[in-house]
Amino acid sequence: MGKREFALGIDVGGTNIKAVAIDARGRELRREGVSTPSVGREPLIAAVRMVARRLDGGDARWIGLCSPGLAARDGRSIVWMQGRMEAVQGLDWTGALASKRTVWVLNDAHAATVGEAWLGAARERRHAVLLTLGTGIGGGILVDGRLLQGTIGRAGHLGHLSLDPFGLPDICRSPGSLEDAVGDSTIERRTGGRFTSTADLVEAVEAGDAQAGSVWSRSVRSLAAGIASLINVLDPEIVVLGGGIALAGDTLFVPLRRELDEAEWRPLGQPVPIVPAELGDYAGAIGAARHAMSIDSAVLGAEG
């Protein structure tokens with residue numbers, strides 16, 4: 001890596017661990033990825049250490065890490081993560097990686113938002129919303145150039161927006177949520193068991209399957225209602241859509257924009273742009289690196 005100052009960003013996901021070395025100008029030096037160990041805290045720590053060692057060599061000025069869950073107020077761990085990645089809960093990554101520098105920790109969707117705001121689809125925007133559309137629906141909110149985390153780090157869990165107060169409760173107890181209306185986790189229920197993934201549903205839609213088209217139209221309309229509500233509450237400059245479902249491309253974006261032509265309040269006549277994310281699977285790692293740069297620089301400035 002030489003002596004160029006750079007940040008190490010690590011995204012610890014349920015399936016893969018992804019990491020980047022990137023400098024303060026956004027020039028990526030290297031990236032690495034490995035599969036996430038299926039069980040146990042120690043194998044997880046060992047895998048992250050291995051990836052960090054390959055990219056870092058002890059030279060990184062800043063280190064950031066993201067994963068699912070709520071980040072602790074001190075920014076050093078994930079304070080709450082129940083379910084598929086409980087191994088990260090309460091884990092102080094600075095100690096776990098035996099790092100001489102503080103490892104700053106962030107929720108993965110929050111990190112992706114920071115990444116897209118720095119180098120991706122929301123760059124040079126001060127007010128933005130990111131929705132990650134996949135098994136569930138996550139997201140992040142940028143307000144006046146700053147990531148909104150809220151009181152306990154819960155801000156940005158946009159999939160738990162309630163669309164139907166009389167609907168079934170989702171995993172966070174929200175009735176009739178956006179996540180359950182659109183996310184991959186409910187696709188079998190929404191299609192009567194015919195499809196097991198949104199990708200399969202989209203393939204059938206593109207082949208002209210009328211039943212699949214009806215389910216897809218309902219999903220897109222639900223997504224439009226959620227986005228229109230977020231626009232009314234947050235008044236963003238742009239809405240960015242990432243995650244696997246957003247890979248449907250025009251099959252998603254064309255009908256979605258048509259639905260928003262009806263659902264979006266446009267007092268000045270202009271729609272809020274709805275665009276695909278640009279950074280792909282490494283958005284979280286890039287955002288974690290950027291977050292570490294920002295936090296560490298602020299801490300050093302305050303101490304100076």
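Visitor: Is Ser-67 buried or exposed?
Guide: Ser-67 is buried, at a relative accessible area of 1%. Buried here means under 20% relative accessible area, exposed means over 50%, and partly exposed is in between, using a 1.4 Å probe and protein chains only.

Visitor: Before we go on, what sort of model is this?
Guide: This is a predicted model, where local features need pLDDT of at least 70, side-chain atom pairs count only at pLDDT 80 or more, and totals for chains, interfaces and linings use all residues. Residues are numbered from 1 along each chain as its sequence is written, and side-chain values use heavy atoms, with hydrogens and water left out.

Visitor: OK, back to Ser-67. Where is it found, and what does it touch?
Guide: Ser-67 is in strand E4, residues 62-67. Helices (H or I, at least four residues) and strands (E, at least two) are DSSP runs numbered from the N terminus. Not counting residues up to four places away in sequence, Ser-67 touches Val-12, Ile-78, Val-88, Leu-106, Asn-107 and Asp-108; a contact means heavy atoms within 4.5 Å.

Visitor: How about cysteines? How many disulfides are there?
Guide: The count is 0 disulfides, taking a disulfide as a pair of cysteine sulfur atoms within 2.5 Å.

Visitor: Switching topic: what is in the largest nonpolar core?
Guide: That core has 35 residues, and those with the most contacts inside it are Leu-131, Trp-216, Leu-223, Ile-227, Leu-241, Leu-252 and Leu-256. A nonpolar core is a set of buried Ala, Val, Leu, Ile, Met, Phe, Trp, Tyr and Cys residues joined through side-chain atoms within 4.5 Å.

Visitor: Which element gives the most to this core?
Guide: H7 does, with 10 residues. Elements giving two or more residues to this core include strand E8 (128-133), helix H7 (210-234) and helix H8 (250-263).

Visitor: And what is Leu-223 in contact with?
Guide: Leaving aside neighbours within four places in sequence, Leu-223 contacts Leu-131, Leu-133, Leu-178, Val-182, Leu-241, Leu-252 and Leu-256. Apart from this core lies another, of 29 residues, among them Ile-45, Val-51, Leu-55 and Ala-60.

Visitor: Thr-135 next. Where does it lie?
Guide: Thr-135 lies in the loop between E8 and E9, and counts as exposed at 57% relative accessibility. Leaving aside neighbours within four places in sequence, Thr-135 is in contact with Gly-183, Asp-184 and Ser-185.

Visitor: What about the backbone? Which phi does Glu-124 have?
Guide: Phi of Glu-124 is near 65 degrees, a positive value in a residue other than glycine. Most residues other than glycine have a negative phi. Glu-124 is in the loop between H3 and E8 and is exposed, at 80% relative accessibility.

Visitor: And Arg-173, what is its phi?
Guide: Arg-173 has a positive phi of about 80 degrees, although it is not a glycine. Arg-173 lies in the loop between E10 and H4 and is exposed, with a relative accessible area of 73%.
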